[in-house]
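Me: Could you take me through the strands and the ligand site of this model, with the cut-offs stated as we go?

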Amino acid sequence: MSVVKGLVAGRILEEQLFPYPRLLEKDREVLGAMLDAIDQFLAPHQADFKRWDRDAAQPAEFIQGLRDLGLFGLIIPETFGGLGLSNGAYARVLGQTSSHDSSATLTIGAHSSIGMKGLLLFGTEEQKARYLPKLASGEMIAAFCLTESASGSDAASIRTRAQKHEDGSWTLNGEKIWITNGGIADLYTVFARTTSGEGKITAFIVEAAWPGVSHGHHEDKMGIRASSTTTVTFADVRVPAANVLDQEGKGFKVAMAILNNGRTGLGGGAVGGMKTLVALASEQAKTRKQFGQPIGDFGLIREKISQMTVDCFAAESAVFMVAHYIDSGHDDYSIEAAISKIFASEALQRAAYEALQIAAGSGYMRDYPFEQVARDCRILTIFEGTNEVLRLYIALSALKDLSRSLGVLKAAVDDIFNSPIKGFGVLTDYAERRLTRATGVGRDKILAPMPVALRAAANVYERYTVELSRACEALLRKFGKSIADQQLQLKRIADIAIDLYVGLCVTSRAAALANAAGQATAAQQATAPEQVMEAAASLPESAQAEASQAVAMAQMFARQARRRIAGNLRRLERNEDAEMNRLAGFILDQGRYPWDVT
Ligand SMILES: Cc1cc2nc3c(=O)[nH]c(=O)nc-3n(C[C@H](O)[C@H](O)[C@H](O)COP(=O)(O)OP(=O)(O)OC[C@H]3O[C@@H](n4cnc5c(N)ncnc54)[C@H](O)[C@@H]3O)c2cc1C
């Protein structure tokens, strides 16, 4: 069961959070060599990345270098010529590439995370054998084609058409926009509405070389400028029956599964970007002097450095926990994946803002790296599901399970909740029904071993898990199925869930680091104090210091999370939602800000 669904029901599914997972042994071996090779290849391109950002181009020789490093075969099984990395190791690799360049990371990431992920998840053996070896070597680069001009977040409304012929083959017609790798891809995963059956969406594997497939010009973007983004057009493209991905009519499910599964790639990239920003900002803080001292001596600069570090640790903890769920075969992780994407993307944007602020005037200049990072990371809250839509998804998906466990709303509401993204438009059609039964939830205690210093943090999550559950039940009682129209309330529920889930990941990771460093749990202190001392003495000082700071970060995160959660809980009861709604209506009617000083 999903951890967040558990939280909403008042339960902390401890076995899915503690102990904090480690990378697989086989991945660790590959990673060591891989990360070095990435640094050696990308570091000398530092000046090129700047130039390619300005020119909005990524030369073919550079893409060949990515191929030669094996970066297109990261998650493809070894039997098909790939490296067969786990999701955790894959996220780590994207972190390393993104510490050098976001556009390069996106070229690799769009190929693996979404472009060919459908083949990995749903391909037949024949389809895999036909395409995966070429995708692993980079002979074929992949792209994911869902978005259209009138269909962004509302992915179910696509108009690209697939007409079926008697021999089972199809003809595709339509245009996709803003497709990453659109201009360099050889293989597209395309989503189209079938004219047969109920007009449902079907996923197809389409080769760029087929007659009728073409792409537009390289889009002139704010950030990730070197990464290829184009339209992709399908004009009477004949697609063989053998190139349908999964079953006819199951394309929407395929698209959502790909996006859910791919989110740790984006999260890993964001974490890599944050690590670079922490290093760049630290360098700036130590070397820039004002008022006769390094600016890093000033409290307001130190606050920014430490907050960036806490955010990076928290994002990393959540992203790698979700990667572990996927690697260990869980299938109910889409809420946690959405949380890791939201938290990591927003944490990176905060870090980019603060790092540029530390560099101040220098940060604003294009000679320094800060402005490019700020532009590059802006996309992360927009694509692979906007953070607004993902927040609604988190809240609605979690509430669906609570409503079920309450035994009310049942079938009628299931229709809406089964596909929250599709359902937004139809929710108001349902008549209001109220919940009548109380849950009687109790307070879960975290029993995993952790240092005494982390107990207060654990208490925060234990206490507010119960509060979240009560709040969700109260909302369901008050609004029934029309809760789906209460977007601001849903956002608050999602934000509480994000704080609880990320906080639990942070606590688990800090506990693992502290336990490894021999920092005593209450039980250990009482029963085996000598062993605790011995374990501590065997570790280098740096590991001890890192473990102590990790515990401190977990404490800080818990205190900050408590304040945010308490604020959100309060605002569920007392807020300005009605006034905001009226004001927005007024302004939308006017179409402008109507006041002026007189
Ligand atoms: C650089 C770049 C690369 C991309 N790469 C790809 C790719 O490789 N493949 C692909 O298929 N697509 C790609 N996209 C498209 C991307 O996934 C979409 O831009 C994204 O899904 C959002 O759609 P939209 O831009 O049309 O925004 P819209 O859906 O029009 O949303 C506009 C605003 O309204 C909000 N909103 C929408 N619906 C709701 C709702 N129900 N409730 C509350 N708020 C709502 C959104 O959060 C957003 O703030 C890319 C886009 C960009 C810019």
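Reply: Strands here are DSSP runs of E with at least two residues, and helices are runs of H or I with at least four residues, both numbered from the N terminus; two strands pair if DSSP finds at least two bridges between them. This is a predicted model, in which local features need pLDDT of at least 70 and side-chain atom pairs count only at pLDDT 80 or more, while totals for chains, interfaces and linings use all residues. Residues are numbered from 1 along each chain as its sequence is written, and side-chain values use heavy atoms, with hydrogens and water left out.

Me: Which residue in S7 does Gly174 stand opposite?

Reply: S3 is joined to strand S7, residues 229-239, by 8 bridges, and the two run antiparallel. Within this pairing, the residue of S7 that stands opposite Gly174 is Phe234.

Me: Which residue in the hairpin of S2 and S3 takes a positive phi?

Reply: Strand S2 (residues 161-164) and strand S3 (residues 170-180) pair in the antiparallel sense over 4 bridges, and Lys164 stands opposite Trp170 in S3. The hairpin has 5 residues between the strands, and the one with a positive phi, near 90 degrees, is Gly168.

Me: How much of the ligand's exposed area does the protein bury?

Reply: A polar side-chain atom of Ser153 lies 2.6 Å from an oxygen atom of the ligand, and a side-chain N or O atom of Glu388 is 2.8 Å from a ligand oxygen atom. Taken alone, the ligand exposes 970 Å² (Shrake-Rupley method, 1.4 Å probe; for residues, only the protein chains shown count as cover). Of that area, the protein buries 69%.

Key:
Polar contact = N/O pair within 3.5 Å; in protein donor to acceptor, adjacent residues only side chain to side chain.
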